[in-house]
Amino acid sequence: MTKQRILLIGLVGLLVFGLLLGSKVVYQKKWVDVSILSQSQQIPGVVSAKTVQKNGQSEIDVVTNHITNLRQVSLSLEKLAGELPIRYLDKTNDTLDNLFGQMQFSLQEGIARGNFTEMAQNVRTQAEKAGVQLELEMDNDAIYVIMNQGDAQLIEVLERHGQVKFLASKKQQ
């Protein structure tokens, strides 16, 4: 009789655990993801945002379409994302990727040494030589970089203090 009660209690506990776990998944997919998507579409330049799992970690992937004020967009998305890191999916090309790679020296040196005026001059000079339009902003937490060339746009947020709120951008598929 006691074994049957223990078995029954165990089965009921397992059933309740399964229901709670299933409810959490449904809640995440139906309400949180829909809320993030609808609120993100109110932000200029953001096409969509969704929560994805990559390598066992959750992140928010943000599809963009010619963002103009990356700092403001990023601050708005941080409020939506909560603790989840954000990854921008941009419309970059090889020229912009190569130029950004070359700019890394100046950008990282500026972050490490704090010589932001010199960094900005170097980065702007590199962009002008390559015929690329550059938008560069900064606040206490990050450096915001937008590079435009025709229809292509590269978006990067370089965090200054290693917060890991933003992940490296990727090209839209």
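Let's start with an open sheet of 3 strands, in the order 4-5-6 and with antiparallel pairing. Strands here are DSSP runs of E, at least two residues long, while helices are runs of H or I with at least four residues, and both are numbered from the N terminus. To pair, two strands need at least two bridges found by DSSP. At the edges stand strand 4 (133-138) and strand 6, each pairing on one side only. Strand 4 meets strand 5 in the antiparallel sense over 6 bridges, and Glu 137 stands opposite Tyr 144 in strand 5. Helix 2 packs on this sheet, touching strand 4, strand 5 and strand 6 (contact means heavy atoms within 4.5 Å). The direction of helix 2 makes about 125° with that of strand 5. Helix 3 (residues 94-113) lies across strand 5 and strand 6, at about 20° to strand 6.

A word on what you're looking at: this is a predicted model, where local features need pLDDT of at least 70 and side-chain atom pairs count only at pLDDT 80 or more, while totals for chains, interfaces and linings use all residues. Residues are numbered from 1 along each chain as its sequence is written, and side-chain values use heavy atoms, leaving out hydrogens and water.

Now for another open sheet, this one of 4 strands in the order 1-2-3-7, with mixed pairing. Strand 1 (46-54) and strand 7 (166-171) are at its edges with a single partner strand each, so one side of each has no neighbour in the sheet. Strand 1 and strand 2 (residues 57-64) pair in the antiparallel sense over 8 bridges, with Val 46 opposite Thr 64 in strand 2. Helix 2 (residues 70-81) turns up here too, packing on the sheet and touching strand 1, strand 2, strand 3 (86-90) and strand 7.

Stepping back, the protein has 4 helices and 7 strands, running α-β-β-α-β-α-α-β-β-β-β from the N terminus on. Of its 173 residues, 36% count as buried (under 20% relative accessible area, with a 1.4 Å probe and protein chains only). Among contacts between residues at least 6 apart in sequence, 53% join residues at least 24 apart.

Conventions. Axes are lines fitted to C-alpha atoms, for helices over the stretch in contact, and angles run from 0 to 180 degrees between N-to-C directions. Buried means under 20% relative accessible area, exposed over 50%, partly exposed in between (1.4 Å probe, protein chains only).
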